[in-house]
Number of protein chains: 2
Amino acid sequence: MHRFFLPPGAIQADSILFPAETTHQIFRVLRLRAGEQVIVLDGLGWQYRVELTAVNREQGSGRVLEKSAISGEPPVHLSMFLCLTQREKFEWMLQKCTEVGASEFTPVLSSRSLVQDAETLDNKLQRWQRIIQEAAEQSSRGRVPILNPPVDFAAALETGRLQNDAYLVAWEEEHARRLTSSLTGMPANARVAMLIGPEGGLSREEVELARQKGWQAVSLGPRILRMETAAVVSAALVIDWFESRAG
Amino acid sequence: MHRFFLPPGAIQADSILFPAETTHQIFRVLRLRAGEQVIVLDGLGWQYRVELTAVNREQGSGRVLEKSAISGEPPVHLSMFLCLTQREKFEWMLQKCTEVGASEFTPVLSSRSLVQDAETLDNKLQRWQRIIQEAAEQSSRGRVPILNPPVDFAAALETGRLQNDAYLVAWEEEHARRLTSSLTGMPANARVAMLIGPEGGLSREEVELARQKGWQAVSLGPRILRMETAAVVSAALVIDWFESRAG
């Protein structure tokens, strides 16, 4: 069944009024009609099975048949700091890390980051937000991950440190401390920041700066992973570690 | 430094004779010349730092400066049984799972597998083999993973069961047993088979048949993963589990 995150005002007791964009999606793209059912998510941890009562090009509405709690959210709050890289690769990381269970994304401009195409930041943020929301809908997430505007490397280090209990940077020259072993002893509802360098890696100065700010360099194993592989692998390892222990 | 897996005959004591295809790659594509260095891998766990002594369109040769053991191979032998799906997605899984540390691939024809384009099987196998070898070279693997020809679903169940110590199938309706918890107690050098269903999932009959054959259904968490995400996530979790314990 198709799933849609809706803004708070769209859900009133047992009646649903779909926003224009969702109505377009339901009516024109998916070609659903009155009487068919969809899942509506409020982004606060609840899902609603909804029967469509009216769908046309002006308006989409439905009524709630059933409300239930969503179990798809991991206990840990994983905040991915992803260095900017070529467009497809970056968007792919947003999609995959959302599926896997990341809760927050911050694009980071590091010294070896590829500057993307000339599109305005506003357009990029909108497209990234849409990719994240669609991935959250398709993977049965209960919340849409937060997308922050891009920050420079020093600001990423500072924000990550202030807002999280553990702040880790994947580094191919770290051989002693594995990612998962650095999580030992953390409570299930911890906040973890994970920084993934660009193609070509973080510079040695950047890793040194991160360490000075208290970030821990961690290994994802003795193989050299591409940036996008490192992002999804590290997200998967962190989420699994906390979910396994939370029960 | 560029890395190349060479066939056994190409390495004779301290002199290297590159095969025609590698010579082409070195001379025409990478434009390396005599005096420059590359890494040669014998696929048996050794790597050689090699200085090029002659490179032209007819011939490429070099001499060994240093020989050392490779540490990039995981202790576990992970055999991925991947249901066939659209070309880009399938090839992406081969690439990513090689980076992550899988040792063997078997393409599987399940009831919901997408039949790929009309290309001959021979051409497909050659292209898949090249993708796997390139990913192994770039990620510092010590061996090139094995690629088996495609098999049907029943044959996959049988082969996986006979050749491995644990045989697991990722299933979105399994909620109790997580992948990592099913590995408890296994020795570090175990052989693990992991079966990943196609887009749209395995049919209920297929999962039932797998269970009758002794395969364990495992969960990758409460979210719905796309097929390619499930493949790389499950490979990452298995490899990390064994590498963390092997020390």
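The model is predicted. Chain A and chain B bury about 2600 Å² between them, and a rotation of 180 degrees superposes chain A on chain B. Within chain A, 6 strands form an open sheet with mixed pairing.

**How the copies are related**

- Let's start with the symmetry: superposing chain A on chain B takes a rotation of 180 degrees with 0.0 Å of shift along its axis, and the RMSD is 0.0 Å.
- The two copies are therefore related as by a two-fold rotation axis.
- Both copies use the same surface, since 100% of the contact residues of chain A recur in chain B.

**The extent of the interface**

- Chain A brings 32 residues to the contact, and chain B brings 32 residues as well.
- Of the roughly stated total, about 2600 Å², 47% is buried on carbon and sulfur atoms.

**Polar and charged links between the chains**

- The rule finds 10 salt bridges across the interface of chain A and chain B.
- One salt bridge joins A:Lys96 to B:Glu228, with the closest N and O atoms 2.9 Å apart.

**Who supplies the chain A side**

- Helix 2 (87–100) and helix 6 (227–246) of chain A each supply at least two residues of the side that touches chain B.
- Helix 6 of chain A gives the most to that side, with 10 residues.
- By residue class, the side of chain A that touches chain B divides into 11 nonpolar, 11 polar and 10 charged residues.

**The sheet in chain A**

- Now for the sheet: its 6 strands follow the order 1-4-5-6-3-2 in chain A, and the sheet is open.
- Strand 1 (3–5) and strand 2 (11–12) of chain A stand at the edges with a single partner strand each, so one side of each is left without a neighbour in the sheet.
- Further in, strand 4 (residues 37–41) and strand 5 (residues 46–55) of chain A run antiparallel and are joined by 5 bridges.
- To find your place along this pair, look for A:Val40, which stands opposite A:Tyr48 in strand 5 of chain A.

Technical notes
Residues are numbered from 1 along each chain as its sequence is written. Chains are lettered from A and ligands numbered from 1 in the order in which they are written. This is a predicted model: local features need pLDDT of at least 70, side-chain atom pairs count only at pLDDT 80 or more; totals for chains, interfaces and linings use all residues. Side-chain values use heavy atoms; hydrogens and water are left out. Contact means heavy atoms within 4.5 Å. Buried area is the accessible area (1.4 Å probe) that two parts lose on being put together, summed over both. A salt bridge is a side-chain nitrogen of Lys or Arg within 4 Å of a carboxyl oxygen of Asp or Glu. Helices (H or I, at least four residues) and strands (E, at least two) are DSSP runs, numbered from the N terminus. Ala, Val, Leu, Ile, Met, Phe, Trp, Tyr, Cys and Pro count as nonpolar, Asp, Glu, Lys and Arg as charged, and the others, Gly among them, as polar. Copies are superposed by least squares on the C-alpha atoms of residues with pLDDT of at least 70 in both. Two strands pair if DSSP finds at least two bridges between them.
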